[in-house]
Amino acid sequence: MAYFEMARLAMKWALTRPPTTRYPFEPRRPLPGSRGQLVFTKDNCVYCTVCARKCPAGALAVNRAQKRWIIDRLRCISCGACIDACPRNSLAFSTDHGTPTVTRDREAH
């Protein structure tokens, strides 16, 4: 009797779609209210280094002399502390997610 129940359950699992998505192969749909990825607007920035000092993960680095803004995407925890601290509103969250990566993903602007 247990064999038939197990076979029925196996057939059910084989014929139904999985509840999860195949993320690296299928793009993620943005959910309303999700944070997504941090976006930097270079035109608004005055390179005051407040965002880098407020970042709890240490994912941001700002060089005022060279006018460079660097983010380490693997260290960013998407908490929004840098966005709240920015006096010129040069940081924001977008709803799209970045591409999956296994190497250091540093962006310099």
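The legends below describe close-up views of a predicted model of one protein chain.

**View 1. Overall arrangement of the predicted chain.**
The protein chain contains three helices and five strands. Read along the sequence, these elements follow the pattern α-β-α-β-β-α-β-β. Of the 109 residues of the chain, 21% count as buried.

**View 2. Helix α1 and its cover.**
Helix α1 comprises residues 2-15.

**View 3. A nonpolar surface patch with Y3, F4 and M6.**
Y3, F4 and M6 make a nonpolar surface patch of about 420 Å². Y3 has its place in helix α1. Y3 counts as exposed because its relative accessibility is 59%, and the cut-off for that class is over 50%. An α-helix has 3.6 residues a turn, so residues three or four places apart point the same way.

**View 4. A positive surface patch and residue K67.**
R53, K54, R64 and K67 form a positive surface patch. One of these residues, K67, lies in the loop between β2 (60-63) and β3 (68-72). K67 has a relative accessible area of 48% and is therefore partly exposed, since the class of exposed residues requires over 50%. The backbone of K67 is also shown in this view: its phi is near 55°, a positive value in a residue other than glycine.

**View 5. Backbone of T49 in the loop between β1 and α2.**
T49 is found in the loop between β1 and α2 (50-54). The phi angle of T49 is near 70°, which is positive although the residue is not glycine. With a relative accessible area of 21%, T49 is partly exposed; a buried residue would have to be under 20%.

**View 6. The pair D43 and S90.**
D43 lies in the loop between β1 and α2, whereas S90 has its place in the loop between α3 (81-85) and β4 (91-94). The two residues are 47 residues apart along the chain, and their C-alpha atoms are separated by 7.7 Å. Their accessibility falls into separate classes: D43 is exposed, with a relative accessible area of 74%, and S90 counts as buried, at 3% relative accessibility. S90 is placed in the buried class because its value is under 20%. D43 is placed in the exposed class because its value is over 50%.

S34 has its place in the loop between α1 and β1 (37-40). S34 counts as partly exposed because its relative accessibility is 23%, a value between the limits of 20% and 50%.

How values were computed:
Residues numbered from 1 in each chain as written. Predicted model: local features only at pLDDT ≥ 70, side-chain atom pairs only at ≥ 80, totals over all residues. Heavy atoms only, no water. Patch = residues over 30% accessible without salt bridge, like charges linked within 9 Å, V, L, I, M, F, W, Y side chains within 5 Å. Areas by Shrake-Rupley, 256 points an atom, 1.4 Å probe, with all protein chains shown as cover. Salt bridge = Lys/Arg side-chain N within 4 Å of Asp/Glu carboxyl O. Lys, Arg positive; Asp, Glu negative; His and termini not counted. Charge placed at Lys NZ, Arg CZ, Asp CG, Glu CD. Helix = DSSP H or I, 4+ residues; strand = E, 2+ residues; numbered from the N terminus. Buried < 20%, exposed > 50% of the residue type's maximum accessible area, 1.4 Å probe, protein only. Expected span 1.5 Å × (residues − 1).
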